[in-house]
Amino acid sequence: MTVTYCLDCDHEIELGFTLTMGQRVKCPNCGVVLEIISTDPIELDWVYDGPAMNVDWGKSWWRITTSSTDR
Ligand SMILES: [Zn+2]
């Protein structure tokens, strides 16, 4: 059993026996979802997806449209 530690709370996370790049694991302590970005050595990173990314894209699109209208 491979074990790593949560990036947020340092709680132990059991990864199982098979590790895959991009595999997502959930911290049993704080519930944060982390993604395996490297298997040797094991590295985790936060998962960036969902509504927050869509809001950012929407804002930049809106800004470009507004500035071109000003000219
Ligand atoms: Zn945690």
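A residue is called buried if 20 or more other C-beta atoms lie within 10 Å of its own, exposed if 12 or fewer do, and partly exposed in between, with C-beta atoms placed from the backbone. This briefing concerns a predicted model, in which local features need pLDDT of at least 70, side-chain atom pairs count only at pLDDT 80 or more, and totals for chains, interfaces and linings use all residues. Residues are numbered from 1 along each chain as its sequence is written. Helices (H or I, at least four residues) and strands (E, at least two) are DSSP runs, numbered from the N terminus.

**Residue V47**
- V47 is partly exposed, because 13 other C-beta atoms lie within 10 Å.
- The loop between β5 and α1 (51–70) contains V47.
- Leaving aside residues up to four places away in sequence, V47 touches R24, V33, L34 and E35; contact requires C-beta atoms, placed from the backbone, within 7 Å.
- From V47 to I36 the C-alpha to C-alpha separation is 9.4 Å, and the two are 11 residues apart in sequence.

- Strands β1 and β2 run antiparallel and are joined by four bridges; two strands pair if DSSP finds at least two bridges between them.
- T4 has I13 in β2 as its bridge partner.
- Six residues separate the two strands of this hairpin.

**Backbone features**
- Most residues other than glycine have a negative phi, and most peptide bonds are trans.
- D10, in the loop between β1 (2–5) and β2 (12–16), is not a glycine, yet its phi is positive, about 65°.
- D10 is exposed, because 11 other C-beta atoms lie within 10 Å.
- D40 and P41 are joined by a cis peptide bond, with omega about 0°.
- P41 belongs to the loop between β4 (33–39) and β5 (42–46).

Terms used. Two residues are in contact if their C-beta atoms, placed from the backbone, lie within 7 Å.
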